[in-house]
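Please examine the sequence and the three-dimensional model shown here. The briefing that follows treats salt bridges and then the sheet with its helices.

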Amino acid sequence: MDKILTVACSTYGDRISNILKVYESIDAVKKINFLVIHQVPEGMCLSDESNSVILRLESHPSIDYIKNSSKGLTLSRNIALKKTKTQYMWVMDDDLEFISGAINKVLGSLENENKNVICHTYESLRPSGLKRVLYPHNRSKVTGKYILRVASFEMVLDVNQLKRHNITFREDMGVGSNVINLGEEAVLIADILRAGGDVIHHSVSVNVHPEVSTGMIVNNQNFYSKGVVIKRVFPNFWMAYYFLRDVNRILRNRTGEFGTISNRIALIISLSKGLLH
């Protein structure tokens with residue numbers, strides 16, 4: 001039986017040492033292709049451990065290893081889309097572990113799926129065992145506020161459909177872009193919906209991800225990025241709604257995470273500048 005799913009893992013520099021742990025957490029590895037996109041910009045020196053891992057990856061019969069000198073997570077994701085040979089690509093990070101049975105559950109959910117579905121989303125757990133966020137109901141379409149909650153490592157994409165609609169990750173976004181360092185998943189989903197495709201959620205927990213992620217860090221750059229994301233995802237009315245919602249959350253500062261009043265004003269200014277990007 002031909003494989004239909006590629007797990008495409010992006011990594012950077014010495015983080016390559018994490019990859020084998022990710023791979024070894026997959027309990028149905030013979031049913032999928034495993035692709036590694038390793039970004040090593042020119043002039044970067046890798047550790048001896050990293051070079052040792054690379055030799056193992058290059059000689060591994062079940063892993064496709066590609067080294068690239070580019071920088072930026074969305075560039076890596078788009079390289080993976082080009083190199084994927086199966087119908088579906090599961091976007092993957094280099095710092096998580098698969099839950100037992102995840103591959104079989106995902107493959108089962110993809111069987112006999114509506115051809116208009118371009119993206120399938122799943123659920124991830126925190127190390128504590130709690131769900132990462134509040135997810136939509138099973139088999140519901142991902143729209144509205146739920147678009148902002150999807151993480152890249154919860155997305156399985158129909159590569160053929162993306163190519164047909166000429167949709168890729170926006171390469172000025174994501175970790176390593178230096179300006180808009182988050183939200184590329186939400187904008188990709190919005191682009192899919194604008195093209196007339198569907199995004200369907202499956203209430204299946206598939207992996208465990210560390211607590212801290214880029215989007216959780218409170219700083220001016222992240223709030224500038226959030227302003228850009230709001231603008232790129234939502235039409236005018238909803239753009240204003242989500243902007244004002246975030247402004248209200250910053251001003252109320254219930255948990256104290258936004259700091260002093262001067263810090264909060266700076267965050268709102270950054271959010272506003274992103275909206276005008």
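The side chains of Asp94 and Arg15 form a salt bridge with an N to O distance of 2.6 Å; a salt bridge is a side-chain nitrogen of Lys or Arg within 4 Å of a carboxyl oxygen of Asp or Glu. The model is predicted, so local features need pLDDT of at least 70 and side-chain atom pairs count only at pLDDT 80 or more, while totals for chains, interfaces and linings use all residues. Residues are numbered from 1 along each chain as its sequence is written, and side-chain values use heavy atoms, with hydrogens and water left out.

**Salt bridges**

- Side chains of opposite charge can pair when their charged atoms come close.
- The structure holds twelve salt bridges.
- Helices (H or I, at least four residues) and strands (E, at least two) are DSSP runs, numbered from the N terminus.
- Asp94 counts as buried at 5% relative accessibility, whereas Arg15 is partly exposed at 39%. Buried means under 20% relative accessible area, exposed over 50%, and partly exposed in between (1.4 Å probe, protein chains only).
- Arg132 and Glu154 meet through their side chains in a salt bridge of 2.9 Å, N to O. Both residues lie in the loop between E6 and E7, so the pair ties together parts that are 22 residues apart in sequence.
- Glu154 counts as buried, with 1% relative accessibility.
- A further salt bridge joins the side chains of Asp246 and Arg249 at 3.7 Å, N to O. These two residues are separated by about one helical turn because they are three residues apart in helix H8 (residues 236-252).
- Asp246 counts as buried at 5% relative accessibility, and Arg249 is partly exposed at 37%.

**Sheet and helices**

- Eight strands form an open sheet with mixed pairing, in the order E3-E2-E1-E4-E7-E6-E8-E5. Two strands pair if DSSP finds at least two bridges between them.
- Strand E3 (63-68) and strand E5 (97-98) are the edge strands, each pairing on one side only.
- Strand E1 (residues 5-12) pairs with strand E4 (residues 88-92) in the parallel sense over five bridges. Cys9 has Met92 in E4 as its bridge partner.
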